[in-house]
Each structure stands twice: as C-alpha cells, then as structure tokens.
Amino acid sequence: MRFRIAILAVLLFCCFSALLAFQARFKEYSGEEDNPAPVPKDAFELTEWTFARLRYPSGRYAGYSGERGSWPTDFPKADRQFLQGVRRLTRIHTRSTEQVIDLINDAQEIYNWPWTYAVEVGHWDLTDEQCMLLREYLLRGGFLMVDDFHGTFEWDVFTQSMSRVFPDRAIVEIPDADPIFHTVYDLEQRVQVPGLQYLYSHRICEKCENGGKEPHWRAIYDDDGRVMVAMCFNQDDGDAWEHADNPQYEAKYTSQAYRLGINYVIYAMTH
Amino acid sequence: MFEFLFKYPLAIFQKGKFVLLSGWPVWLLLVLIAVAGGALFWNIRRRPVLSSMRSTAIWLAQTALIALVLLLLWHPAISVARLRPQENVVAVLLDHSRSMGIADTGTPRLRNAEEVLNGQLLPELNKRFQVRMYEFGRDAVRIDQARNLVADDNATRIGDSLKHIASEAGTMPLGAIVVMSDGGDNTGGVDRDTIEQLRQLRIPVHTIGFGPDHFAKDIEIVDVAAPARALVQSRLSARVAIRQHGYAGQTVKLIVRENDHPLAEQAIVLKPDAEQSETVVFNAGAAGAHSFQIGVVPMPGEQNDRNNSVVRLVSVVPKKMRILYMEGEPRWEYKFIRRALEDDQSIEIVTILRTTQNKIYRQGTRDEHELENGFPAKAEELFKYDGLIIGSVEANYFSPEQQNMIRDFADKRGGGVLFLAGRFALSDGGYEKTPMAEMMPLRLAKEKTWSRDFATASLTDAGRESVICRIEEDRTQNAARWQKMPQIANYAVMGAPKPGAVVLMNVAEAGHRPSPLLAIQNYGHGRVGVFATAGSWRWKMLQDHTDKTHSMFWSQLLRWLVTETPGPVQASTPRQVLSDDTRVPLRVSVRDKNYDIVSGATVQTMVSRPDGGSDTVDLKPDPLEPGMYIGEYTADKPGTYVAETSAHQDKTDLGSDALTFRREDGVAENFGAAQNRDLLEKLSRDTGGNYYTSSNARRLSGEVAISEAGITAHDNLDIWDMPIVFLLVILIRGGEWLLRRKWGVV
C-alpha cells in the first residue's frame with residue numbers, strides 16, 4: 001500500500017513539474033475582445049517571439065471602456081495582423097497569435113516576454129507594485145512599446161504611472177539617427193499615423209486642440225543609451241495594423257506602422 | 001656472503017666477460033660432454049635396476065658432474081677491465097646544495113657524507129688512485145679536502161657538474177666519478193646529452209645517496225598548472241598537485257596570494273594516497289605581470305614547510321579580443337549575449353544578424369566597411385578575429401569554402417569557435433555532413449532535435465571544476481547557485497561526446513535522459529565548444545536585474561574561447577619561473593595573415609632586464625619545426641624580465657608579441673628535499689656504475705676499479721677455484737649418494 005502511494009506521489013510530482021516547466025501558452029480572452037479575429041490553426045506553436053500585449057488596470061481612468069479597461073483596444077485583430085507582417089517581412093520565428101501578459105493576475109509572466117506592447121496608456125492606472133515590477137522588467141532587459149494615446153490629458157495620465165516606474169529618468173524625443181529608426185527600415189521621414197476616426201472626421205490628429213496635433217516618438221533610455229520604453233504619442237499604430245485590410249485606410253499609414261513596429265521589435269531583440 | 005662463495009664482488013661478474021683460457025676448442029668440450037652423457041645413459045639402460053624416472057635423475061647428476069669437471073679443465077675465468085693502480089684519477093663530487101644541510105637524523109646530510117668519505121672511503125681510494133674532490137651545486141668547484149663544508153648552494157645541477165668533470169677527462173686519466181648527493185636535482189634530471197657523453201667516454205658514475213626517501217610529516221606542492229596568459233579581470237583556474245606524508249584525512253587550506261594579499265582560499269581534505277590534484281579559482285586582476293603564490297598553509301609538525309607554495313607568473317594582457325558572432329535569425333539569445341559582454345574590458349563582439357531574407361544588420365563594427373558583404377569570404381578577413389560564434393544559421397548559407405574556413409579558423413588559425421543551437425543550427429541546420437561537424441565536441445543527431453520546451457541545466461563533475469561555470473568563488477556555493485538557476489527556454493538534443501571532449505553541462509527535461517548541453521574540446525591549434533541552447537537569456541530575465549550570473553557565464557565562456565588565440569607572432573617559453581636557474585629557452589611561432597608558416601623571417605627578441613637595461617637575442621629557425629624560431633637567453637640576475645619579440649620578412653612587419661619571465665633564487669632547494677633515489681640509481685645504471693647507500697658505501701672502494709675509462713688493464717680472474725665450485729661438486733655427488741641410498745641401490 002505504501003509502495004503504491006509512493007509511486008502515485010512521484011507521478012503527481014512529475015506531472016506538476018512538467019506543468020511548471022512551460023511558460024504561459026496562448027489563451028483567448030473572449031469576453032474582452034475589442035475586434036475579434038479567427039484563431040489560426042497554429043495558435044499554440046512555440047516560437048521565439050510573439051506580440052505580447054499588456055493587460056493593465058485602467059482604474060480611475062477607465063472612461064468609456066468601463067470595467068474592462070482600455071488594454072484590449074483593437075485586440076486581437078491588430079495583434080494578429082501585425083504578426084502576419086512580422087512573419088512575412090522578417091526572419092523572426094513568430095507565432096500567429098498574441099500573448100496577453102496579465103499584469104493584474106499573473107504579473108511574473110512578463111519576464112518570459114522581453115518585448116511588450118501597451119495600448120491606450122492614457123487610460124492606465126498602475127499600482128505601486130505594478131510600477132515596481134515594470135521597472136524591474138525593463139532594467140533586466142525588457143522592452144515596452146506604448147501607443148495610441150493623444151493630447152495633454154492622456155499624456156499626463158500616462159506619466160502619472162510612468163513617473164513611478166522611473167522617477168529618475170527623463171522622457172526624451174528619439175533622435176532620427178537613433179538605431180531604433182534604422183534596424184530594418186530607415187525611418188527618418190515619418191508621418192503622423194491616424195486612428196480609424198480620420199476616415200470620418202477627416203482629421204489626422206485626435207484631440208488636436210488639446211495637445212494632440214504633433215506626433216512624437218519619445219523614449220526612456222537606460223544607462224547604456226538603449227531605449228527601454230518607446231512611446232508613440234499622438235498616433236495610433238494599433239489602428240493601422242488593425243485596419244490594414246481596410247481599403248479606405250491609406251496604405252502609407254499602414255506601411256509606416258508595420259515598419260515602425262518591426263523596427264521596434266528588431267531593436268528590442270538586438271539592443 | 002656473495003664474495004665468500006664467488007671469490008670476487010658481484011660487480012666483477014656484472015661488468016666482466018666470461019672466457020675459457022685453456023685454448024682448446026669449445027666444440028670439443030661440448031662433444032666430450034655429449035659423449036660422456038651418452039656413455040652414462042647407455043650404462044644405466046644396460047642394467048635397469050631402477051624405474052625410468054629414477055634412472056634419469058641419477059643420469060642427470062652424473063652427467064652434470066662430468067660436465068662441471070670438463071668445464072674446469074678448460075680453465076674458466078672472468079676477463080675484466082680494471083684501473084691500473086696509481087695511474088688513474090677518481091673524481092669525488094660532494095653535493096653542498098642547501099638540501100644537504102637538512103638534518104634528517106640529527107646530523108646534516110653533508111656531515112654524514114663527509115663522515116662516509118673521510119672515514120674509510122677516501123683512505124682506501126687514496127691507496128690506489130689519485131683522488132680529485134669537488135663540491136657541487138650549480139657547478140662543480142675543486143676542493144682540497146672535504147671537511148666542514150657549508151650546504152649553501154641554492155641549486156643542484158648534477159648534469160652540469162658531471163659535464164664539467166667529463167670535459168676534464170681529455171687532460172687526465174679519469175677512471176670513475178663518485179657522486180655523493182641527495183639527488184635533489186633542480187633541472188628535472190640529468191640530461192640525455194650528458195649521459196651520452198659519459199657513456200662514450202666509458203666513465204662509470206657511482207652514486208652514494210643521502211637522506212630519507214620521503215619525510216615522515218610533510219606537505220609539498222609538486223606542481224601547479226596555471227595559464228601563462230590571461231585577459232584583464234579573468235577568472236583563472238590553477239591545477240595544484242599536492243604530495244603529503246603523515247597528514248592523510250586532515251583538512252588544510254589551499255590559498256592563492258599576490259604580494260601577501262589572499263585572493264582565494266579553499267579547504268581541502270588530504271587523501272591517503274600520497275599525491276592528489278586540486279583546482280583553485282582566482283581573479284587574474286589588472287593588466288601586467290602578476291606573480292601568484294599558490295600553496296597550502298603549513299601544518300603543525302611539518303619537517304619542511306618551505307615546499308608548501310610555489311610562484312606562478314601570469315601575463316595579464318590588456319588586449320581586447322574580437323569575436324565575430326554570425327546569427328541567422330533575430331533571437332533573444334543574441335541580444336542578451338551582446339548585453340552580457342558590454343562591460344567586458346577584454347572582449348569586443350562584432351555581430352552579423354540576418355533580420356530579413358535579404359538584409360543583414362551589423363553591430364560592433366569599427367567602420368562602415370567592416371563586414372559590409374556579410375560573413376567573410378576570405379581567410380585573411382575571417383582570421384582577423386580571435387573567436388567565432390555560429391548561431392542559428394543554415395549550414396548551406398555558408399559556401400563550401402566558408403565552411404572550410406570556419407574549420408580552419410580553429411584548426412589552423414588557433415581561434416575558438418562556439419556553436420549555438422537553434423532551428424537552423426546543428427543537426428536542424430544540416431551541419432551533419434559538413435566540415436563543421438568534424439570540429440564539434442559532440443556528435444550530431446541524424447534527425448531534427450530542436451525543442452522550445454523549458455529545461456534545467458545541470459553541471460557535470462567537470463563543470464563544477466571548470467572556471468567557465470564558476471559564478472561563486474566557493475565550489476559548494478557555486479554548485480548550490482546552479483541548482484537554483486532558472487530553466488533555459490530551449491535546447492537541442494545532442495549526440496555522445498567525442499573522445500577528448502569535456503561536457504560541462506547537461507540538460508534534463510522532466511522524464512528524459514540528460515543530454516550534453518555545453519561541451520568543449522581542443523581542435524587543431526584552437527578550441528571548439530557547443531552550447532546546445534539559445535535560451536540562456538532566461539538566466540538574465542528571470543533573476544534580479546543586479547544579478548551578474550548571465551554576464552559572468554558568457555564572459556567566462558567567451559574568454560575561454562579566445563584567451564589562447566595566438567597572434568601571427570607568438571612567443572613562449574617552457575620556463576616562465578626560473579627557480580635558481582638562469583637559462584630561458586625562447587620559442588617563437590611566426591605565421592602570415594593567412595596563418596601559413598613563414599620560413600626565412602628575421603626574428604629578434606629584446607629582453608628588458610630588472611635593472612633597466614636590455615639585451616637582444618636573435619632567434620634561429622628550428623630545423624625540426626617549420627615556422628618555429630628558437631633561441632636562449634641567460635637571466636643573470638633575479639627579478640622579472642620582459643621579452644618583446646618582433647618578426648619581419650622582406651621589410652614586411654609580420655607582428656610582435658611580449659612575454660614575461662622571472663628568476664627567483666633560494667627556492668629550488670626547498671622542493672624535492674627528500675632523497676631522489678630513482679635519479680641516482682638511474683644515473684649509475686645508465687653509466688655503468690653502482691648505487692650505494694651511506695651504510696654500504698665501503699664496498700665502493702673495491703668496485704670503483706672496475707672501469708673501462710682512464711688507464712686500464714684487462715685481468716683474467718680464475719674462477720675454477722671459487723668455493724661455490726667445490727660446494728657444487730659435493731652437493732651433486734652427495735645428492736646422488738643420498739638418492740641411491742634411499743632407493744636401495746648403493
């Protein structure tokens with residue numbers, strides 16, 4: 001009897017160890033999808049890289065997105081369309097589906113994904129613990145791309161959290177000569193990439209009168225001059241990826257969004 | 001006893017030649033023995049009163065007796081060359097090195113030697129020979145008498161001293177040499193040339209050994225193997241051979257010091273077997289010549305505590321070694337390897353990354369032209385680098401010429417090549433049938449084995465000892481740290497290690513058999529490693545940002561890869577630390593840009609002395625090894641010397657190299673202070689002499705005359721009247737009578 005119990009215990013231990021041995025796999029967030037897209041057959045493939053989207057709390061700044069928060073804006077269609085571009089245009093071994101990094105319920109998983117993307121960060125509201133974790137992640141070598149936030153108010157909301165991540169580091173404009181604009185594509189000439197709203201409003205900028213008119217490519221650098229946080233302010237690359245298949249959305253914006261995104265990924269994988 | 005039975009000393013029989021002096025033919029002796037044997041046989045068979053077995057025994061006894069008598073009729077003798085009395089010189093060499101001052105039994109060895117010499121030996125020798133006495137250490141010096149000599153010479157060079165005496169053989173009838181010593185030679189033994197010279201002159205060297213074969217209580221550092229060169233702030237591993245007597249099972253402290261400042265300490269348990277080997281790891285420090293004192297802390301009661309440590313010289317070079325890293329796809333490993341080496345003062349990494357199907361991304365290049373066409377197509381271009389890392393690149397991305405160049409990079413150029421795993425690497429990348437597979441320390445699987453499952457890396461026994469995997473100085477703490485290491489993100493299953501390969505890490509996925517993860521080996525003039533993963537980046541991302549594990553591991557792995565990579569001109573010496581010695585052999589290897597051998601170069605070494613002066617040595621081609629130039633420098637004074645070698649050919653500068661060496665005095669005699677009996681026995685055996693102890697040295701006076709050197713006469717010594725002969729006759733005849741009596745046929 002004791003022998004059987006021992007064998008059972010060993011088998012259970014092996015199964016448990018095997019489960020622990022894997023990083024988080026692809027998971028659907030059915031109730032929270034902003035723009036659903038089909039799940040490809042190879043959704044669970046193990047690859048070198050995939051689009052890691054940050055699931056952050058919006059808290060006080062949830063606004064129109066309500067309890068769900070703003071993290072899944074354009075999700076998952078933008079992610080999967082961008083992934084197709086990365087697969088086709090680079091040699092990165094890329095999964096067809098995104099990976100949601102749940103900063104709220106499973107924050108430690110972020111360390112398995114050295115490149116992350118956060119959208120609508122003008123509506124995020126990080127806790128102190130999340131700020132500390134994000135700081136540690138970035139100092140270890142992680143890379144964060146933030147996108148789709150516009151105007152002075154959203155900038156202030158973004159920096160309220162970001163200044164707790166790095167109270168000691170300045171946010172600066174990325175010079176055109178920085179390698180991040182040259183890893184694959186030379187992107188010295190850049191335009192403001194608008195959200196889908198421009199098709200109806202005919203205005204490239206959002207919140208144009210409230211600081212949203214000029215596009216900015218800003219960053220926080222580490223001590224060795226490498227970009228840790230890349231900010232696409234007053235622009236919406238996520239919409240450009242999401243609507244890459246929309247004939248009315250102009251190709252020049254899509255093209256730049258893909259090129260910029262690829263440059264940022266390759267930069268994160270080389271610096 | 002021997003001399004009583006055989007009339008003469010054993011040496012007469014060993015050196016002499018057996019002869020028959022009657023002048024009658026030997027065949028006649030044999031025929032007569034045969035005829036006598038036949039007649040006896042016929043006689044016994046004619047009257048068979050005993051069984052055949054007993055008859056045979058009787059016949060054998062009778063035949064043996066007749067054969068012996070016939071042999072004596074032929075007048076047997078020993079012909080031996082002996083020194084003619086009063087006409088020859090015998091040289092007596094008395095060792096007065098410091099080790100002869102050790103009082104093993106209350107009296108110094110040198111006093112014992114004087115007593116042996118002056119007691120009986122010298123008066124006996126003086127009766128028949130002219131005796132010349134010498135004291136020797138570094139060299140032999142003539143003395144009038146051997147009384148109250150001082151054991152103060154810092155070195156023992158038996159070979160040099162013998163050569164000196166042998167050179168005098170042309171001017172005097174030197175018949176034999178007697179060496180009185182503990183055999184503690186500091187040059188590693190008597191060289192072959194000296195032995196050959198003595199054999200040609202036929203001068204026997206008799207040796208008398210003093211001192212015990214080993215001390216009752218002693219710990220001695222027999223040898224320390226440490227690299228001669230290192231990069232700045234490198235971790236070094238020294239292999240220490242320790243011999244002990246009387247301290248088995250006790251714990252001692254192995255310590256590395258520089259200028260009396262301890263750099264590393266390690267507790268070791270002394271094994272019952274006399275000799276053991278231990279590894280100690282320490283930091284090489286800043287650029288310059290470093291003298292590290294490596295040894296064990298003396299234990300209470302040690303009879304000789306001056307042999308507990310040795311000095312090793314390490315040249316820490318401020319050079320920045322360049323490693324070319326070719327990667328076939330963007331991967332996290334690439335980024336984190338680059339980051340790991342960012343603060344390394346000694347390694348510069350230049351990378352080529354295939355970002356898209358038709359684009360490469362270069363980092364770390366010195367100018368816009370470096371590697372602008374991708375992986376080098378010419379050996380001259382590739383061989384500029386000191387190391388090479390091949391990542392996830394399909395084998396057929398390289399042309400056949402480039403594949404051969406990668407193999408030659410290690411084999412011919414002497415560089416280090418590291419292969420990483422990946423979906424386009426190793427067996428997954430089609431490497432199995434290429435020249436690159438030949439150079440790998442692990443066999444490649446025939447199928448694809450790349451897997452993105454997480455797995456645990458574990459150190460092997462060799463890995464626990466290796467400086468590559470040493471994150472913590474302390475061995476136990478280091479092993480514990482590796483056990484807590486985050487899992488790697490991926491790996492490839494590798495085949496078995498090849499002969500000569502060393503596996504430092506295994507990878508074990510739950511439920512699978514361990515597979516080699518990190519293996520290294522020497523290949524040709526260089527080194528090759530396989531690190532069968534691209535997932536060590538998790539050692540960085542899964543640990544605190546201040547943790548240095550990942551960068552230390554990569555820094556140490558890549559330093560191993562390139563530290564020994566030679567330049568086109570590479571100077572070396574087998575004796576970087578001269579213990580009470582002056583001669584420094586210099587060897588310089590000279591190659592061109594393609595690392596082909598250069599013959600006919602002008603190679604010159606300028607040696608800067610400790611006193612600020614300098615000397616120049618012209619090196620000559622080594623006839624036995626093309627491309628190698630050799631020479632010798634004499635270090636007259638103690639201290640550190642710097643030798644800068646340059647090579648030219650037809651006004652073309654081929655390159656230069658620097659080398660340091662150090663002369664230390666008053667050290668050599670502390671080591672090997674017990675009697676080296678093997679050396680003394682071998683010396684006497686090789687030259688036709690005999691070995692004696694202090695207790696039987698009186699025999700020497702009788703045996704020293706047996707020699708073919710000097711003025712000799714060949715004596716024929718009768719042996720028919722040896723007591724043993726008469727004893728033999730009685731034994732044969734008495735034995736036969738006893739047998740007959742027993743069998744009732746008397």
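Reply: The axes used here are lines fitted to C-alpha atoms, for helices over the stretch in contact, and angles run from 0 to 180 degrees between N-to-C directions. Helices (H or I, at least four residues) and strands (E, at least two) are DSSP runs, numbered from the N terminus. The model is predicted: local features need pLDDT of at least 70, and side-chain atom pairs count only at pLDDT 80 or more, whereas totals for chains, interfaces and linings use all residues. Residues are numbered from 1 along each chain as its sequence is written, and chains are lettered from A and ligands numbered from 1 in the order in which they are written.

In chain A, the axes of α3(A) and of helix α4 (residues 151-165) come within 8 Å and cross at roughly 60°. The two helices are therefore oblique to each other, given that angles under 35 degrees count as roughly parallel, over 145 as roughly antiparallel, 65 to 115 as roughly perpendicular and the rest as oblique. The crossing of α3(A) with α4(A) is right-handed. A crossing is left-handed if the near helix is turned anticlockwise from the far one by less than a right angle, and right-handed if clockwise. Residues are in contact if their C-beta atoms, placed from the backbone, lie within 7 Å. From α3(A), the contact takes A:Asp128, A:Cys131, A:Leu134 and A:Arg135, and from α4(A) it takes A:Ser161, A:Arg164 and A:Val165. By class, three of these residues are nonpolar, one is polar and three are charged (Ala, Val, Leu, Ile, Met, Phe, Trp, Tyr, Cys and Pro count as nonpolar, Asp, Glu, Lys and Arg as charged, and the others, Gly among them, as polar).

The contact between the chains draws 26 residues from chain A and 28 residues from chain B. On the side of chain A, α1 (2-20) and α3 (128-140) are the elements that give two or more residues. That side comprises 13 nonpolar, eight polar and five charged residues.

In chain B, helix α3 (residues 26-46) and helix α4 (residues 52-73) pack at an angle of about 150°, with their axes 9 Å apart. They are therefore roughly antiparallel, and their crossing is right-handed. Among the contributing residues are B:Leu29, B:Ile33 and B:Phe41 of α3(B), and B:Ile58, B:Trp59 and B:Ile66 of α4(B). This contact has 13 nonpolar, four polar and no charged residues.

Also in chain B, helix α6 (residues 158-167) and helix α7 (residues 192-201) have axes that come within 10 Å and cross at roughly 30°. That makes α6(B) roughly parallel to α7(B), in a left-handed crossing. The contact joins B:Gly159, B:Leu162, B:Lys163 and B:Ala166 of α6(B) to B:Thr194, B:Gln197, B:Leu198 and B:Leu201 of α7(B). Four of these are nonpolar, three polar and one charged.

Helix α7(B) is also among the elements that cover the buried residues of α16(B), as are β6 (174-181), β7 (205-209) and β35 (691-693) of chain B. A residue is buried if 20 or more other C-beta atoms lie within 10 Å of its own, exposed if 12 or fewer, and partly exposed in between, with C-beta atoms placed from the backbone. In α16(B) (residues 677-687), the buried residues are B:Leu679, B:Leu680, B:Leu683, B:Ser684 and B:Thr687. They cover an arc of only 125° around the axis, which puts them on the same side of α16(B); the arc is that of the directions from the helix axis to the C-beta atoms. After α16(B) comes B:Gly688, whose phi is positive, near 90°.

Notes: Two residues are in contact if their C-beta atoms, placed from the backbone, lie within 7 Å.
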